[in-house]
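Please open the structure in your viewer and keep the selection panel at hand.

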Amino acid sequence: MEFTALVRKRRTVRRFETTPVDRAVLEGIARLAQRTPSAGFSQGQRVIIVTDPEQRRRVAATCDEAGYVEMGMGPWISECAAQFVPCVSELVYRRRYAEADKGGTPEGEQDWPTPYWWVDIGKTAMVLMLAAHDAGLAAGFAGPQDVPGLQAVLGLPSEFHPIGVIPVGRPLPDQRSPSLKRGWLPFEEFAHWERW
Ligand SMILES: Cc1cc2nc3c(=O)[nH]c(=O)nc-3n(C[C@H](O)[C@H](O)[C@H](O)COP(=O)(O)O)c2cc1C
């Protein structure tokens, strides 16, 4: 899909077919997401791809899927073709910036005016969602309520923090988020020329 259309048409979808998607397509989405830039080329981002239905249900439970079902939105986190879980390690960045070409400051003494690990994994998540749409699929985003539970379900090394669960699949009619009633900010409030 053409880039402008892809960005404009992408939206958070919250209902999917459970029919499987070819592993090669899912892998293609993950491979594009790996191309996200990272501070110091630290590459502290990882992605877990979950297709097994039982495992999808365990993952969805850590995002309180039952709460969405109660709200009438259906089990949109577990019922999909695959879940992509972007994870990031702050320690990878701290180790990288302790290297000589990045100043060599010991990990514990570094000053991070902006914690770039959060910046980078956000970009990874965005590429995952856009890549899913580009592949003719749709994607949602659910914030995990139980991060230690999700780490345990996925068997993550303790330094890796999962920032969300991105269900992906062929879209079904869904319930739009009430948050959308807020509308977009006027562009002039978002963008400022030369200075605020
Ligand atoms: C960091 C982040 C966390 C989000 N968490 C949730 C969530 O827990 N549940 C949910 O239904 N949507 C969640 N969303 C989706 C937003 O509600 C959605 O992106 C926003 O309303 C704009 O809608 P759109 O993506 O369709 O343009 C999240 C989005 C982001 C970027």
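A residue is called buried under 20% relative accessible area, exposed over 50% and partly exposed in between, with a 1.4 Å probe and protein chains only. The model is predicted: local features need pLDDT of at least 70, side-chain atom pairs count only at pLDDT 80 or more, and totals for chains, interfaces and linings use all residues. Residues are numbered from 1 along each chain as its sequence is written, and side-chain values use heavy atoms, with hydrogens and water left out.

**First selection: Pro-144**

Select Pro-144, which lies in the loop between β3 (138-139) and α7 (147-154). Helices (H or I, at least four residues) and strands (E, at least two) are DSSP runs, numbered from the N terminus. Pro-144 has a relative accessible area of 16% and is therefore buried.

**Next selection: the ligand and its surroundings**

Which residues are around the ligand? They are Arg-10, Arg-11, Thr-12, Arg-14, Tyr-68, Trp-76, Phe-141, Ala-142, Gly-143 and Leu-180, where a residue is counted if one of its heavy atoms lies within 4 Å of the molecule. By class, this shell holds five nonpolar, two polar and three charged residues. In that classification, Ala, Val, Leu, Ile, Met, Phe, Trp, Tyr, Cys and Pro are nonpolar, Asp, Glu, Lys and Arg are charged, and the others, Gly among them, are polar.

Display the distances to the oxygen atoms of the ligand. A polar side-chain atom of Arg-14 is 2.8 Å from a ligand oxygen, and one of Arg-10 is 3.1 Å from a ligand oxygen. At Gly-143, a polar backbone atom lies 2.9 Å from an oxygen atom of the ligand. Of the 620 Å² of accessible area that the ligand has on its own, the protein covers 61%; such areas come from the Shrake-Rupley method with a 1.4 Å probe, and for residues only the protein chains shown count as cover.

Remain at Arg-14 and show the ring of Trp-76. The charged end of Arg-14 sits over this ring, 5.8 Å from its centre. The criterion is NZ of Lys or CZ of Arg within 6 Å of the ring centre and within 35 degrees of the ring normal.

**Next selection: the aromatic residues**

The whole structure contains seven aromatic pairs. Rings of Phe, Tyr and Trp (its six-membered ring) pair if their centres lie within 6.5 Å; planes under 30 degrees apart are stacked, over 60 edge-to-face and the rest tilted. Tyr-68 and Trp-76 form an edge-to-face pair, 5.1 Å centre to centre with 75 degrees between the planes. Both Tyr-68 and Trp-76 are buried.

Move to Tyr-93 and Trp-112, whose ring centres are 6.4 Å apart and whose planes stand at 80 degrees, so this pair is also edge-to-face. Tyr-93 belongs to helix α5 (residues 90-96), while Trp-112 is in the loop between α5 and α6 (116-134), 19 residues apart. Tyr-93 is buried at 0% relative accessibility, and Trp-112 is buried at 13%.

Finally, select Ala-132 in helix α6, which is buried at 0% relative accessibility. The C-alpha atom of Ala-132 is separated by 9.3 Å from that of Ala-30, 102 residues apart along the chain.

Methods: A polar contact is a pair of N or O atoms within 3.5 Å; within protein, one must be able to donate a hydrogen and the other to accept it, and residues adjacent in sequence count only if both atoms are side-chain atoms.
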